[in-house]
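Hello,

Here is the structure I promised to pass on. Please have a look at it first, and then read my notes below.

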Amino acid sequence: MQSLKIFLALIFIQISVACSKSNDSPLVRLHLQSKTDCELVFKAENFSVIENFCSTEGKPILIRVDDQEIRSDWIDERTSRFLFQEGCASSDECFYELSTNEAGVRGRFSYRINMTEGEYSFEVGASGQPKVLSESSKDSAS
């Protein structure tokens, strides 16, 4: 019985160590830097996300991390188009938080556009396939 307890304890420790090891980089916050007739540009040191609204037949999202680029389909097209049309309440109220790992990019987009605020978390694989993990939004009181 004592041997079984020790064996289970060792397995638990190995699983805990394996689960705690993460190759994710620290989160980096990218604020809205500019808006052109075709693009929204979010930047931070060594990171950028460019959402292109004019040339959407290809992959309209470009994520740059250091010297790597990932082109992606829309992560949440409805929210991106709403932001492009209406603008942020202020430049620091629309931002991405990103971290990288060997599989691609993981992050969150948080926004306050007019009287609507929300966020969604997502992953974009190295192949450019986006996946929304969770999302929430609400109208804020005036």
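Predicted model: local features only at pLDDT ≥ 70, side-chain atom pairs only at ≥ 80, totals over all residues.

Residues are numbered from 1 along each chain as its sequence is written, and side-chain values use heavy atoms, with hydrogens and water left out.

Back to Glu97: its side chain meets that of Arg29 in a salt bridge, at 2.9 Å from N to O (a salt bridge is a side-chain nitrogen of Lys or Arg within 4 Å of a carboxyl oxygen of Asp or Glu). The pair links distant parts of the chain, since Arg29 sits in strand E1 (residues 28-35) and Glu97 in strand E6 (residues 94-101), 68 residues apart. Helices (H or I, at least four residues) and strands (E, at least two) are DSSP runs, numbered from the N terminus. Arg29 is partly exposed, at 39% relative accessibility. Arg29 and Glu97 also belong to a network of salt bridges with Arg108 and Glu119.

The structure holds 8 salt bridges. One of them joins the side chains of Arg64 and Glu69, again at 2.9 Å from N to O. Arg64 is partly exposed at 33%, and Glu69 is partly exposed at 48%. Glu135 forms a salt bridge with Arg78, where the closest N and O atoms are 3.9 Å apart. Glu135 lies in strand E9 (residues 130-139) and Arg78 in helix H2 (residues 77-86), so this pair ties together parts that are 57 residues apart in sequence. Glu135 is exposed at 53% relative accessibility, and Arg78 is exposed with a relative accessible area of 58%.

Now the sheet. 9 strands form an open sheet in the order E5-E4-E3-E2-E1-E6-E7-E8-E9, with antiparallel pairing (two strands pair if DSSP finds at least two bridges between them). Strand E5 (68-72) and E9 stand at the edges with a single partner strand each, so one side of each has no neighbour in the sheet. The twist averages 20 degrees from one strand to the next. Axes here are lines fitted to C-alpha atoms, for helices over the stretch in contact, and angles run from 0 to 180 degrees between N-to-C directions.

Strand E3 (residues 47-52) is mostly covered, with 6 of its 6 residues buried. Phe47, Val49 and Glu51 point one way from E3, while Ser48, Ile50 and Asn52 point the other way. E3 pairs with strand E2 (residues 39-44) in the antiparallel sense over 6 bridges, and Ala44 stands opposite Phe47. The hairpin of E2 and E3 has 2 residues between the strands, and Asn46 in the turn has a positive phi of about 65 degrees. E3 is also joined by 5 bridges to strand E4 (residues 61-65), running antiparallel, where Arg64 is the bridge partner of Ser48.

E1 and E2 pair antiparallel over 4 bridges, with Lys43 in E2 as the bridge partner of His31. Finally, H2 lies across E1, E2, E3, E6, strand E7 (104-113), strand E8 (116-125) and E9, at about 45 degrees to E7 (contact means heavy atoms within 4.5 Å).

Best wishes

Conventions: Buried < 20%, exposed > 50% of the residue type's maximum accessible area, 1.4 Å probe, protein only.
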